[in-house]
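Thanks for asking me to look this one over. My comments are below, as numbered points you can check against the coordinates.

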Amino acid sequence: MAVFPQLRLRRLRRTESLRALVRENRVNIGDLVYPLFVVEGEGIRQEVSSMPGVFRFSPDQVAQEAQEVARLGIPAVLLFGIPEHKDEFGSGAYHPEGIIQQAIRTIKESSPQLLVITDVCLCEYTSHGHCGMVANGDVDNDQTLPLLARMALAHVQAGADIVAPSDMMDGRVKAIREALDKEGFQHIPILSYAAKYASAFYGPFREAAQSTPQFGDRRSYQMDPPNLREALREVEQDINEGADIIMIKPALAYLDVIRRVRDTFNCPVAAYNVSGEYAMVKAAVLQGWLDEKRIVMEILASIKRAGADIIITYHARDVAQWLQA
Ligand code: PBG
């Protein structure tokens, strides 16, 4: 057994070539998913104030943005719709001419090879801002399921490649799988937000998506942040209901959850580096307090090291540019 002075761990760190040779984890452009916000109207490209560098696009503009994302080699986008009209049932979510359905069509027309993943959740479409149907002041699980299934089906009919339910209702993966299969979409994968925590890190997203709940909060359906074992039950439930890829969200404060899920299950694991994580980095960078490229690459490497295969991140565009340079 070699010990110091024969053993010197610094030998393999001496040059960048040596470090690259023994590097254990790499962030690849092919691992990244870029989220896009779509609003109604035309010619709109409006920056989200708490997320510098992130914009809300009208359907005509989002197609251009998606082309640029594809050109950079990013394999997938995740779409969020912000409808003008909201109601109690979130009916814009499953209307054939809904905002996301329009966006999917224009993106698939101009960038057919780019994977279009859609967020399936009612919160942006309901007048009360909750992720499901409200009955007697509470979010009703079972009444929400058929609406989510209709929404997922509408996305797939418009051309979505993958649907990603983020509502945290029990049984939604099964309901969506059945609805898709019944209509001949057996080949469409479900990426479930399996372990989604009730997190303060979603703050900037709610500004971007105008989806803040009008009463109460999401703690009766999203997970309690201190829990780890429960995340394994959530993931197991979604896999049993037919999820093809499972997601942990947020990423940074939940790296231990990513690791445990990776070690316990064999399906692909995605992690969502959410809006608040992005906003913290951007705020410090704009103050000149942090080196953006180094900090972002270190954060994304930590998510890969924790065991994620896929990273959904608002930094994806920048990262793709850095990796290509
Ligand atoms: C919809 C949804 C949210 C996010 C993704 N899908 C917000 C929420 O649950 O309140 C958050 C994404 C982010 O913060 O970047 N339910």
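The points below go through a central strand and its neighbours, then a helix, then the aromatic rings.

1. Please keep in mind throughout that this is a predicted model.

2. Five of its five residues are buried, so S10 is largely enclosed by the rest of the structure. In a regular strand, side chains alternate between the two faces of the sheet. In S10, Ile245, Met247 and Lys249 point one way, while Ile246 and Ile248 point the other way.

3. Which strands pair with S10? One is S9 (residues 191–196), which runs parallel to S10 and is joined to it by five bridges. Within this pairing, lysine 196 stands opposite lysine 249. Another is S11 (residues 269–273), also parallel to S10, with three bridges between them. There, methionine 247 has alanine 270 as its bridge partner. To get from S10 to S11, the chain passes through helix H8 (residues 255–264), giving a right-handed β-α-β crossover.

4. Besides standing opposite lysine 249 of S10, lysine 196 has its charged end over the ring of tyrosine 202, 5.7 Å from the ring centre.

5. Next comes helix H11, residues 316–324. Its buried residues are Ala316, Arg317, Val319 and Ala320. An α-helix has 3.6 residues a turn, so residues three or four places apart point the same way. The elements covering these buried residues include strand S1 (32–39), helix H2 (59–71), helix H10 (292–306) and strand S12 (310–313).

6. On to the aromatic rings, which form nine pairs in the structure. In one of them, phenylalanine 55 and phenylalanine 57 have ring centres 6.2 Å apart and planes at 40°, so this pair is tilted. Both of these phenylalanines are buried. Phenylalanine 55 also has a charged neighbour: the charged end of arginine 45 sits over its ring, 4.1 Å from the centre.

7. Finally, ring pairs also build a cluster. Its members are Phe37, Phe80, Tyr193, Phe205, Tyr272, Tyr278 and Tyr314.

Key: Residues are numbered from 1 along each chain as its sequence is written. This is a predicted model: local features need pLDDT of at least 70, side-chain atom pairs count only at pLDDT 80 or more; totals for chains, interfaces and linings use all residues. Side-chain values use heavy atoms; hydrogens and water are left out. Rings of Phe, Tyr and Trp (its six-membered ring) pair if their centres lie within 6.5 Å; planes under 30 degrees apart count as stacked, over 60 as edge-to-face and the rest as tilted. Buried means under 20% relative accessible area, exposed over 50%, partly exposed in between (1.4 Å probe, protein chains only). A charge sits over a ring if NZ of Lys or CZ of Arg is within 6 Å of the ring centre and within 35 degrees of the ring normal. Helices (H or I, at least four residues) and strands (E, at least two) are DSSP runs, numbered from the N terminus. Contact means heavy atoms within 4.5 Å. Two strands pair if DSSP finds at least two bridges between them. A crossover is right-handed if, with the strands pointing away from the viewer, the path from the first strand over the helix to the second runs clockwise.
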